[in-house]
Structures are given as structure tokens and as C-alpha cells.
Amino acid sequence: MERAKRRVDVALEGLANAAKADKDRSVARHKFINVVDLVRKVPDAGVWFDEEAAVVDAPAARSWEDVLRVLPSKAILGA
């Protein structure tokens with residue numbers, strides 16, 4: 001769950017910052033909607049969840065880099 005949540009957070013971080021102001025409110029609204037297009041940024045959150053679950057559920061014979069990607073490093077380091 002945490003991996004999928006983090007993936008969505010990264011995709012959406014700063015998304016609205018790209019929207020530019022305009023004196024015409026309808027133009028500003030149109031620009032904002034085009035920039036904050038969640039369907040384009042996260043087309044299928046279920047697919048992302050399944051992909052991250054597959055990483056966690058992958059066979060135990062992995063490289064140490066893969067293992068470190070899955071393990072909760074803060075818990076291991078006592079943070």
C-alpha cells in the first residue's frame with residue numbers, strides 16, 4: 001500500500017504549480033483544468049497498485065538493490 005501511495009504522491013506533487021494565471025477567469029479555469037488533468041497523470045491507480053504489489057511479491061532471489069527497494073529502511077535504521 002505504501003509503495004502505491006508514494007507513487008501517486010510523486011506523480012501529483014507540484015501538479016497545480018504549472019497552472020498560469022490569466023485576467024480572464026474562464027481562460028484561467030481552462031488552463032487550470034488542462035494542467036491538473038488527473039486522468040492523464042494517474043490513468044489507472046489500480047494498475048500502479050498491482051505493479052507495486054508485484055515488486056513486493058517478487059521471488060526471494062533478487063539483487064540486494066531490489067531487496068532494499070522493498071524493505072522499510074526507516075524501520076530498519078531505527079528512525
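Predicted model: local features only at pLDDT ≥ 70, side-chain atom pairs only at ≥ 80, totals over all residues.
Residues are numbered from 1 along each chain as its sequence is written, and side-chain values use heavy atoms, with hydrogens and water left out.

**Overall architecture**

- The protein has 6 helices and 0 strands, where helices (H or I, at least four residues) and strands (E, at least two) are DSSP runs numbered from the N terminus.
- Of its 79 residues, 9% count as buried, a class that means under 20% relative accessible area, with exposed meaning over 50% and partly exposed lying in between (1.4 Å probe, protein chains only).
- Among contacts (heavy atoms within 4.5 Å) between residues at least 6 apart in sequence, 49% join residues at least 24 apart.

**Helix α1 and its cover**

- In helix α1, residues 2-12, the buried residues are Arg-3, Ala-4 and Ala-11.
- These residues cover an arc of only 100 degrees around the axis, which puts them on the same side of α1; the arc is that of the directions from the helix axis to the C-beta atoms.
- Glu-2 and Asp-9 are exposed on the other side of α1, whereas the cover over the buried residues includes α3 (38-41), α4 (45-57) and α5.
- Just after α1, Gly-14 takes a positive phi of about 75 degrees.

**Salt bridges**

- The structure holds 5 salt bridges, each defined as a side-chain nitrogen of Lys or Arg within 4 Å of a carboxyl oxygen of Asp or Glu.
- One of them joins the side chains of Glu-2 and Lys-5 (3.1 Å, N to O), residues that are 3 apart in helix α1 and therefore separated by about one helical turn; Lys-5 is partly exposed at 41% relative accessibility.
- The side chains of Glu-52 and Arg-3 also meet in a salt bridge (2.8 Å, N to O), and because Glu-52 lies in helix α4 and Arg-3 in helix α1, the pair ties together parts that are 49 residues apart in sequence.
- Both partners of that pair count as buried, Glu-52 at 13% relative accessibility and Arg-3 at 17%.
- Arg-7 and Glu-51 form a salt bridge through their side chains (2.7 Å, N to O), and this pair links distant parts of the chain, with Arg-7 in helix α1 and Glu-51 in helix α4, 44 residues apart.
- Arg-7 is partly exposed at 27% relative accessibility, as is Glu-51, with a relative accessible area of 37%.
- Arg-3, Arg-7, Glu-51 and Glu-52 are linked in a network of salt bridges, and Glu-52, leaving aside its neighbours within four places in sequence, is in contact with Arg-3, Ala-4 and Arg-7.

**Surface and other residues**

- The protein exposes about 6,500 Å², of which carbon and sulfur atoms supply 60%; accessible areas come from the Shrake-Rupley method with a 1.4 Å probe, and for residues only the protein chains shown count as cover.
- Leu-71 lies in the loop between α5 (64-70) and α6 (73-77) and is partly exposed at 39% relative accessibility.
- Arg-29 is found in helix α2, residues 25-35, and is exposed, with a relative accessible area of 57%.
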